[in-house]
Amino acid sequence: MGNPSAAITDTNYPNNYLLEKEEYVMSYSRDKGTANWVSWHLDEAWLGSASRQNDFRADSSLPAGWYQVSETDYQYSGFDRGHLCPSADRTLSTDDNSNTFFMTNMMPQAPNNNRIGWASLESYCRSMLSGGYEIYIISGGYGIGGDGSAGAADYIANGKVQVPSNTWKVIMIIPDGDDDVNRVTTSTKVIAVDMPNSQSVNSDWTLYQTSVDQIEAATGYNFFDLVPDNIEDVIEASGGNL
């Protein structure tokens, strides 16, 4: 549905570096040590019986000379290694699931954000597939400074990983079919969520619904830019239409 930050696979742009995998695509920031955003498609073809691999590891596909965040860099920080593209969205094969555990697909999340509100939102996304639907999801964090189980922090891993103040997700739901961009209409369901990266976050993710326009204003990104402007303008003004 587009490239929200016009990311490019060019080391001259280290903080908007396009990194593509079969399971998801991202804009990575070398200096933040996290993705700016991760984008993926979800339908029932991605779901199977592969178990959760839990093989958190550095991403060796990053350009030579860049710091590779390691699986232990979040240790004792009070923040979870929070998936952007969820493990449970990629269970068709062991490899698919394993590839969600690259540290480039993680951001520091307050445990109550990651395990309660965020997890509930992820489950809701998968539940929307029933009845013949597919979903486009973009997720990331913005701002600096979160409140984890060990208190507030702006950075972890000796300054190598920036902690976001907010975690966000933009979700588009369309009926199964082909030529997806041209099937988006002004009545297409879009959900936008902007959640504080805090231990005090409410378990009910619906309290954090907002509009796509507001997340664009907070991040500077342009979502769904392949959708015709007259349709994009309508669906991005909403974002809470459950």
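Buried means under 20% relative accessible area, with exposed over 50% and partly exposed in between (1.4 Å probe, protein chains only). This is a predicted model, where local features need pLDDT of at least 70 and side-chain atom pairs count only at pLDDT 80 or more, while totals for chains, interfaces and linings use all residues. Residues are numbered from 1 along each chain as its sequence is written, and side-chain values use heavy atoms, leaving out hydrogens and water.

Q: Why is Ser70 called buried?
A: Ser70 has 17% relative accessibility, so it counts as buried.

Q: What does Ser70 touch, leaving aside its neighbours within four places in sequence?
A: Ser70 is in contact (heavy atoms within 4.5 Å) with Ala58 and Met103.

Q: Why does Thr100 count as buried?
A: Because its relative accessibility is 0%, Thr100 goes down as buried.

Q: What makes the pair of Asn97 and Thr100 a polar contact?
A: The term needs a pair of N or O atoms within 3.5 Å; within protein, one must be able to donate a hydrogen and the other to accept it, and residues adjacent in sequence count only if both atoms are side-chain atoms. Here the backbone oxygen of Asn97 lies 2.7 Å from a polar side-chain atom of Thr100.

Q: Which residues have the most contacts inside the largest nonpolar core?
A: Val38, Ile135 and Ile171 do, in a core of 43 residues. Such a core is a set of buried Ala, Val, Leu, Ile, Met, Phe, Trp, Tyr and Cys residues joined through side-chain atoms within 4.5 Å.
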